[in-house]
Amino acid sequence: MGITNNPRLQAPLFGIFLVIYLVTVMGNLGMVILTHLDSKLHTPMYFFLRHLSITDLGYSTVIGPKMMVNFVVHKNTISYNWCDTRLALFEIFIITELLILSAMAYDRYVAICNPLFYVGVMAEKVCWALVLTPYLYSTFVSLFLTIKLFKLSFCDSNTISYFSCDCLPPMSLLCSDTHELELIVLIFSGYNLLSSFLIVLISYMFILVAILRMSSTKGRCKAFSTCSSHLTVVVVFYGTLLFIYLQPKSSHTFAMDKMASVLYTLVIPMLNPLILQPKEQRSKRCSDESFN
């Protein structure tokens, strides 16, 4: 289990991913602390951003430290129990992030399209419901898939060419019939990805209409700039997940999957605070100036 077997690449990759992980921890932990301590940031927008940082920090921590350990130890091993625990935690954070991204899109829709009703619609209870529901739902899906996977029979071979306990790599070690499990994974993956993406898409369709109706060119430019930050995160994140989970098993190559997984499990959590924080601040000013 690991990202590469080339000994010459072990030390450079360890250094690269150590820097990526440290930047991820500092950026996302700083975002959580800042949005909690600064009373000016106690708004729905920053509430969702705080929980997005929590999920980013969560699944990057599930993946990053173990992967870095694999670069410095002679033999990369992990127990079945520890693997299913990591898989369950990873799925909880990933599914939650998908739904929080869609909640953020809905928040931007209400702020731009219905600014006069924003405070009432995005009340504190509503915000908590939009965050707690994803956590509860993702926990259910994660436990269901993990238990379903690890109740099946594994073959004598116990080596996978991967760096984490994702859902798909352990399936290659199963001796049992995997058609039912593959169908379940496809259904849940498709539902989670497409339903959350549909919410984002519909929200931004209404936002686009509202922006085109603005009379101020300056307001349009600022609104487009605000949307671009969230859309950048959405496109990269959803794109890699669609690439990995919604392609047929016959077309899977673990080399390509590893590259895509590194992108969304380690690189994107590092970039999210950098992409979202400055432009979200301009988003608030944009909404205030455009609708006053």
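Helix 2 and helix 3 pack at about 155 degrees, with axes 9 Å apart; axes are lines fitted to C-alpha atoms over the stretch in contact, and angles run from 0 to 180 degrees between N-to-C directions. The two helices are therefore roughly antiparallel, a term for angles over 145 degrees. The model is predicted: local features need pLDDT of at least 70, side-chain atom pairs count only at pLDDT 80 or more, and totals for chains, interfaces and linings use all residues. Residues are numbered from 1 along each chain, and side-chain values use heavy atoms, without hydrogens and water.

The table describes two helix pairs; helices are DSSP runs (H or I, at least four residues) numbered from the N terminus.

| Pair | Crossing | Residues of the contact |
|---|---|---|
| Helix 2 and helix 3 | left-handed | 17 nonpolar, four polar, six charged |
| Helix 3 and helix 5 | right-handed | 18 nonpolar, five polar, two charged |

A crossing is left-handed if the near helix is turned anticlockwise from the far one by less than a right angle, and right-handed if clockwise. Asp, Glu, Lys and Arg count as charged; Ala, Val, Leu, Ile, Met, Phe, Trp, Tyr, Cys and Pro as nonpolar; the others, Gly among them, as polar.

The largest nonpolar core has 45 residues, of which F48, M104, F237 and Y238 touch the most other members. Such a core joins buried Ala, Val, Leu, Ile, Met, Phe, Trp, Tyr and Cys residues through side-chain atoms within 4.5 Å, buried meaning under 20% relative accessible area with a 1.4 Å probe, protein chains only. Helix 3 gives the most to this core, twelve residues.

Key
Buried means under 20% relative accessible area, exposed over 50%, partly exposed in between (1.4 Å probe, protein chains only). Angles under 35 degrees count as roughly parallel, over 145 as roughly antiparallel, 65 to 115 as roughly perpendicular and the rest as oblique.
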